[in-house]
Structures are given as structure tokens and as C-alpha cells.
Amino acid sequence: MDDPLTEGPDLQAASSTVVGRAQGMYVCAGKDSLSLLMAMTFVFLDGSAYNGSSVAVVGPNQAAVAVREMAVVGRTGALRFARGYCQARTYSFDAKTGDATVEYNAYLRHN
Ligand SMILES: *[C@@H]1O[C@H](CO)[C@@H](O)[C@H](O)[C@H]1NC(C)=O
């Protein structure tokens, strides 16, 4: 995957500024359910203080569960040494195209 990372869910909306890319991969990892293993980095490419910084996320993503928690396992740039986790919520899913819009909230503690 190499998907746009936006502030809001609607790619057409002015409020949905692109702040970076969500790059990585996910594989089916559930024997009896649709559970994905996510391994991705959120790479910030905007004009903010976080431009060029990244957050690495690894964890289980059980698609049918409303809120999925994953570990933030690494960070670079301005976010070095931060610790945290993130929670994913499906905003929309198109079964015909397989396209999903997913909201990620990352909670990071920084010194
Ligand atoms: C982000 O940083 C890169 C590398 O320093 C720079 O080329 C780019 O112009 C910056 N992007 C923005 C939007 O400031």
C-alpha cells in the first residue's frame, strides 16, 4: 500500500489536506476471521514541523471490530523517542472496489 494520509476522510474536501503517505503492507493473518497484520509507516510530507518524520505501526487489524488498536513501534525525525499506540476505525468500505477509508488516531507521548 501507498495511500494518501489526509486530515479528513473525504479526499475531495478542502478540509482533507494531504499531510503524507501511509506506506507499507498488510497480510491476512486470521485463521477463522478477517484479521490483518498491518506493517506500515505514516510518512509526513507537509509543510509542518513534522515534515520528513515518520511513525511505524505494526499490529493486528480485525476488520469487523469497531476500534482496532495497534502498536507504534518506531518513529523518526521530530518524533524520535516518542511512545504510543494508535486506534483505527473504518470510516467507509466499498465491497465492490475493495476501497476503504480508515481513520487512524495516534496517541504519542513525547518528552
Ligand atoms: C519537506 O521536506 C523536504 C525535504 O527537506 C522538502 O524538499 C519539501 O519541500 C518539504 N515539503 C514541504 C511541503 O515543505
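This is a predicted model: local features need pLDDT of at least 70, side-chain atom pairs count only at pLDDT 80 or more; totals for chains, interfaces and linings use all residues.
Strands here are DSSP runs of at least two residues, labelled E and numbered from the N terminus.

**View 1. Seven strands line up in an open sheet.** Their order is E1-E2-E3-E4-E5-E6-E7, and the pairing is antiparallel. At the edges sit E1 and strand E7 (100–109), each of which pairs on one side only. From one strand to the next, the twist averages 30°.

**View 2. E1 meets E2 at one end of the strand order.** These two strands run antiparallel and are joined by five bridges.

**View 3. Ser16 sits in the loop between strand E1 (2–6) and E2.** Is Ser16 buried or exposed? Its relative accessibility is 5%, so Ser16 counts as buried, the cut-off being under 20%. The Ser16 side chain reaches the backbone oxygen of Gly8 at 2.6 Å. Leaving aside neighbours within four places in sequence, Ser16 contacts Thr6, Glu7, Gly8, Pro9, Asp10 and Leu11.

**View 4. The largest nonpolar core brings together 15 residues.** Leu5, Phe42, Phe44, Val55, Val57 and Met70 touch the most other members. At least two core residues come from each of strand E2 (18–28), strand E3 (35–44), strand E4 (54–62), strand E5 (68–76) and strand E6 (83–93). E3 gives the most, with five residues. Take a moment with Val57: not counting residues up to four places away in sequence, Val57 touches Met38, Ala39, Met40, Phe42, Met70, Ala71, Val72, Val73 and Cys86. In soluble globular proteins, nonpolar side chains tend to be buried together.

Technical notes:
Residues are numbered from 1 along each chain as its sequence is written. Side-chain values use heavy atoms; hydrogens and water are left out. A nonpolar core is a set of buried Ala, Val, Leu, Ile, Met, Phe, Trp, Tyr and Cys residues joined through side-chain atoms within 4.5 Å. Buried means under 20% relative accessible area, exposed over 50%, partly exposed in between (1.4 Å probe, protein chains only). Helices (H or I, at least four residues) and strands (E, at least two) are DSSP runs, numbered from the N terminus. Contact means heavy atoms within 4.5 Å. A polar contact is a pair of N or O atoms within 3.5 Å; within protein, one must be able to donate a hydrogen and the other to accept it, and residues adjacent in sequence count only if both atoms are side-chain atoms. Two strands pair if DSSP finds at least two bridges between them. Axes are lines fitted to C-alpha atoms, for helices over the stretch in contact, and angles run from 0 to 180 degrees between N-to-C directions.
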